[in-house]
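Biologist: Please bring up the model. I would like to go through it question by question.

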Amino acid sequence: MVQISINNEVEQLKKQIDQLEKKLLFVQQNCQHIIVESSHSSVRRCIKCFYYQEAEAAPKVF
């Protein structure tokens, strides 16, 4: 009985995750990104929707 209850909860959570992923994708596709770049990371992120991309190589300083 407990196993059935846990399985039902897992299925509900999987559905919720799927719905949230679709919502996030919609938000990211319709966001006017405000991209910030961290000094300690090679990733740029949008502060509004958490969209991210790999940062371009840093310019070389001579």
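The questions and answers below go from confidence and fold to single residues.

Biologist: What limits apply to this model, and how are residues numbered?

Modeller: This is a predicted model: local features need pLDDT of at least 70, side-chain atom pairs count only at pLDDT 80 or more, and totals for chains, interfaces and linings use all residues. Side-chain values use heavy atoms, with hydrogens and water left out, and residues are numbered from 1 along each chain as its sequence is written.

Biologist: What is the average pLDDT of the chain?

Modeller: pLDDT is the predictor's confidence in each residue, from 0 to 100. Where it is low, the predicted coordinates should not be read in detail. Here 87% of the residues score at least 70, and the chain average is 84.

Biologist: Which element has the highest mean pLDDT?

Modeller: Strand 3 has the lowest mean among the elements, at 82. The highest mean is 93, and it belongs to helix 1.

Biologist: In what order do the elements run?

Modeller: Helices (H or I, at least four residues) and strands (E, at least two) are DSSP runs, numbered from the N terminus. The chain has one helix and three strands. From the N terminus on, the order is α-β-β-β.

Biologist: What share of the residues counts as buried?

Modeller: Buried means under 20% relative accessible area, exposed over 50%, and partly exposed in between (1.4 Å probe, protein chains only). The chain has 62 residues. The buried share is 10%.

Biologist: Among contacts between residues at least 6 apart in sequence, what share joins residues at least 24 apart?

Modeller: Contact means heavy atoms within 4.5 Å. Take the contacts between residues at least 6 apart in sequence; the share joining residues at least 24 apart is 2%.

Biologist: Which residues make the nonpolar surface patch of about 250 Å²?

Modeller: Patches are made of residues with over 30% relative accessible area and no salt bridge; like charges are joined within 9 Å, nonpolar side chains (Val, Leu, Ile, Met, Phe, Trp, Tyr) within 5 Å. Val-10, in helix 1 (residues 2-29), counts as partly exposed because its relative accessibility is 35%. The patch is made by Val-2, Ile-6 and Val-10.

Biologist: How many disulfides does the structure hold?

Modeller: A disulfide is a covalent bond between the sulfur atoms of two cysteines. The cut-off is a pair of cysteine sulfur atoms within 2.5 Å. The number of disulfides in the structure is zero.

Biologist: How far from Cys-31 is the nearest cysteine sulfur?

Modeller: Cys-31 counts as buried because its relative accessibility is 16%. Cys-46 also counts as buried, at 2% relative accessibility. Cys-31 is in no disulfide, and its nearest cysteine sulfur, that of Cys-46, is at 3.8 Å.

Biologist: How many salt bridges are there?

Modeller: Side chains of opposite charge can pair when their charged atoms come close. A salt bridge is a side-chain nitrogen of Lys or Arg within 4 Å of a carboxyl oxygen of Asp or Glu. By this rule the count is three.

Biologist: What separates Lys-14 and Glu-11 along helix 1?

Modeller: They form a salt bridge, with the closest N and O atoms 3.8 Å apart. Lys-14 is partly exposed at 49% relative accessibility, and Glu-11 is partly exposed at 42%. Lys-14 and Glu-11 are three residues apart in helix 1, so their separation is about one helical turn.

Biologist: Which residue meets Lys-22 in a salt bridge?

Modeller: Lys-22 is exposed, with a relative accessible area of 55%. The N to O distance is 3.4 Å, and the partner is Asp-18.

Biologist: Which residue meets Glu-37 in a salt bridge?

Modeller: Glu-37 counts as partly exposed because its relative accessibility is 46%. The N to O distance in this bridge is 3.0 Å, and the partner is Arg-44.

Biologist: Which residues does Tyr-52 contact, leaving aside neighbours within four places in sequence?

Modeller: Tyr-52 lies in strand 3 (residues 52-54). Its C-alpha atom is 9.8 Å from that of Glu-37, 15 residues away along the chain. The contacts are Val-43, Arg-44 and Arg-45.

Biologist: What is the phi of Phe-50?

Modeller: Most residues other than glycine have a negative phi. Phe-50 sits in the loop between strand 2 (43-46) and strand 3. At 59% relative accessibility, Phe-50 counts as exposed. Its phi is positive although it is not a glycine, at about 65°.

Notes:
Areas by Shrake-Rupley, 256 points an atom, 1.4 Å probe, with all protein chains shown as cover.
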